[in-house]
Structures are given as C-alpha cells and as structure tokens.
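Here are some notes for reading this structure alongside its sequence. Please keep both in view while going through the points.

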Amino acid sequence: MKVSRLPIDPGPAAWADLLPPAAPAQKLEGAQTADWLVIGGGFAGLSALARLKQLHPADKIILLEASRIAEGPAGRNSGFMIDLPHDLASEDYGGGVTEDQHQIAANRAAIGFARKMAEVFALPREAFNPCGKFNAAASAKGHQHNQDYAHHLTRMGESWEMYDAAQMAELTGTNYYQSGLYTPGTVMLQPAMYIRGIARGLASHNAKIFENSPVTALDHNGDWSATTPSGKVTAPRVILAVNGHANSFGLYPQQLLHVFTYASMTRALTAQEVKSLGGARNWGATPADPLGTTVRRISGIGGDRIIIRNRATFDPSMQVSQRRIRAVSRSHDTSFSARFPVLRHVSMQYRWGGRLCLSRNNVAAFGEVMPGLYSACCQNGLGTAKGTLHGMLAAELASGHDSALLQQVQKQSPPRRLPPPPLAWLGANTLMKWGEWKAGVEL
C-alpha cells in the first residue's frame, strides 16, 4: 500500500524548543530486517516499543518516526495525562458509571506503565509530575458542570476537592475563576522532555530508532516491507502507531475524524512579572466546559511561562494554513488577557497546531487489521494516556499475551462510519463552533 500523505505539523514544536538541542537524527539508510517494526514515535509507538522490549528482550526491534522525536503531535499537546473520564463530546466529561470505571482502570494502567518507564529511565519530575489537575470554572454554568462531575465522581468512589473563588485566585494569581474541581490522579508532563527521555532510554537498551524516516509505502509479501525515502525495513510483524494517519495507509476509510487544536505559549516571564502575578508556579487547568480554554503555568527549563489552548477545527486534509493559526491566535490573546490582565503586555513566543483523531463512537482504531499488521490508532483527544495504553496493548496482542485489559479494549466496536465528506465537514465544524459559542466565558 502506498502512503497517500505525510504528516504536516503547523507552527513550531514549542515544548521541544525549550529543551537543549537534541542529538543529530539517525536516519534509516539502506535495507534492514527486524523481528518487529513500529511505525510512529509518539506515545503509542514508544509504549509499543517499550512493551515489546519487555516481552522479547532478545528480538531486534526497529521504530521509524517521520519527523524528529517530540516534534510531532506527541510534543504538541498540553501535557495532561488524565486518569478520569474525559469525553470531549459531553457536557461535563462524564458518561455511564460502569463504562467510566472501566475507562479509569484502563487510563491508570497506562499511567502506571508510563510511570515505570519514567522511573527506569530516570526522567526528572518536570517530565513526569503526578500532581493532579483542576477543572476551572469561570461562570455559574461552568461551576454547575463541576458540581455535576463531582457528583459523578462520588458515585464512582473517586476523590476530589472543590476550590472556591478565593482558593483559585491564590492558586492562579487571577480572579477569573469561580471554582476549581481538583482531582489528584492526573500526571502533568513536559511532553517533549518525557518523549525524548523515553526514546533515549529505549535506544540505550538496543532499540533502533530512526528519525526523519517517513514510511512512503507498506507492502505485504509474506513479511511486511516499509519503504522510506532512503531505506527499507522488512519484518514479519508491524505495529502502526500513527493515530489519524492510519487513513494515509488506506486503513479505516471514512471512519476517523481529523481535528486540529491550537495553543500559544508566552515568552519567559521576568522576575517582576512572576512577582506581580503571584500564585503557584506550576499548575494545570482544563475548562469546566470541554470546549473552553485549557491553561497551564510552567516553571522549569525555559523559564516561567503560560500556555493557552482553545479552539478546534475539523480538517480532513490533516493540514491547516498559517492563516488559520493567525486567526486562532487572536482568540488565544483574548483568553489570555481576560485571565491575566496584569500580564496583558506579555507576548506569545510560540503558536502552533496539533492533530487529534476522534471516532464518532469514541473508540480506538485498534487490533490486527491484516495478518501481522496491528493498529494502535485513534486516541480520541487523549493521546498521552490512550496512546500509551493502546501502544502497550498492541504489543501484547501481537505477542499473543492475553490480559483482561486487552480483552476489554478488543470488545469495543470498530469506529463508526462517518457521513459523506461534505456533511461530515459541515456537521463537525458547526458542532464545534456551536459548542465554543455555548462555552461563553469558559472560552
């Protein structure tokens, strides 16, 4: 099968840019054979590679990444590895109690796997920080969402703490929020630091990772052969961990929704600006309304900064223009100024877009799609936790290693078919625009 298009990521990879320069990329050159091939070097691909190394320590495993490690979607998210239900299509993230309890168990298994990797490879706390997060509410409606979600968590036996307006002001340095629902199980990542650290650790354990090596064709003739611009890898078993780009390989046609979300990051704040703002130096808040604004304040490598993320667009072409980035940036500036008026003068140093892949029924594109070809794709907007989960489970499935968690994921229905393209584009974008309008000041 020929790969119809290659990944295009708009704007800079800001998280990676904060780090010291990466070592020069090792590019695939010439023909190689392996016992296993993993395509994609994000959360799913690296987790699949790590699990394969556990199950088959003597096997030769090759991973191909189209760009640089941590410069694709894995390094463009907001760094929330969330354990609790986080359904972006709902009013308050929650669903049915039993279904959500299964989701929590799965997410926590993924977080446990990620934590073990962080420990084994001695990643700093900034890369993997199990500090919890907030659902921040800026309105009475948002506060009601928080209360409804808290009630749902109580029914499931989950712990939470509700912060009032004064407590949120002390935390954030702003009076913008009426309340905040704190849940302790989320891990906050510096995603580029985490992904780079995991890749570096796996490479030190004899895994072969090739960057700037996009797969342009994937053919099956007994074994699988993946062709790149300057090489080829032949292996009997392949794990495809490319999220929405599964469509580019001819898989799951008309079943995957391609969505871009957008973020902006300030320049490093000065010591005086940090003092003027006050508040805690590291915290993260998702919006009480799923289509509101996510905010992170970070302090570490790269200095003290604030990240704003909001707006989403459905783009079946899997690419967006710089004009779109500029238009969305105006929304980011408005949201930033409203929340942090004392920093209104602070400029944004980085602006970027990141690709998400969703399915209509909120399930993964997971399983053996052809003999020896396994998919760990479509993370439904939760690429950090779900990508980790599906990568490790794809490795187990391909290895014949059964588990209750694997059976749970395999029981899910396949992604539902989308309406015809014009209707899908119109319907998805209209729905997101309507949701953003309804979010009001939460945006």
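1. D83, R108 and E158 are joined in a network of salt bridges. A salt bridge here is a side-chain nitrogen of Lys or Arg within 4 Å of a carboxyl oxygen of Asp or Glu. Over the whole structure, the search gives ten salt bridges.

2. A word on the source: this is a predicted model, in which local features need pLDDT of at least 70 and side-chain atom pairs count only at pLDDT 80 or more, while totals for chains, interfaces and linings use all residues. Residues are numbered from 1 along each chain as its sequence is written, and side-chain values use heavy atoms, with hydrogens and water left out.

3. Buried means under 20% relative accessible area, exposed over 50%, and partly exposed in between (1.4 Å probe, protein chains only).

4. K133 belongs to strand β6 (residues 133-137). Helices (H or I, at least four residues) and strands (E, at least two) are DSSP runs, numbered from the N terminus. The side chain of K133 has polar contacts with the side chains of N135, at 2.7 Å, and T286, at 2.8 Å. A polar contact is a pair of N or O atoms within 3.5 Å; within protein, one must be able to donate a hydrogen and the other to accept it, and residues adjacent in sequence count only if both atoms are side-chain atoms.

5. R311 and E436 form a salt bridge, with their closest N and O atoms 3.1 Å apart. This pair links distant parts of the chain, 125 residues apart: R311 is in strand β18 (residues 303-314) and E436 in helix α11 (residues 421-439). R311 is partly exposed at 21% relative accessibility, whereas E436 is buried at 7%.

6. Another salt bridge joins D333 and R351, at 3.0 Å between the closest N and O atoms. D333 lies in helix α8 (residues 322-339) and R351 in strand β19 (residues 348-358), so the pair ties together parts 18 residues apart in sequence.

7. The largest nonpolar core has 64 residues, of which L46, M81, F128 and Y194 touch the most other members. Helix α9 (residues 383-398) gives the most to this core, with eight residues. A nonpolar core is a set of buried Ala, Val, Leu, Ile, Met, Phe, Trp, Tyr and Cys residues joined through side-chain atoms within 4.5 Å.
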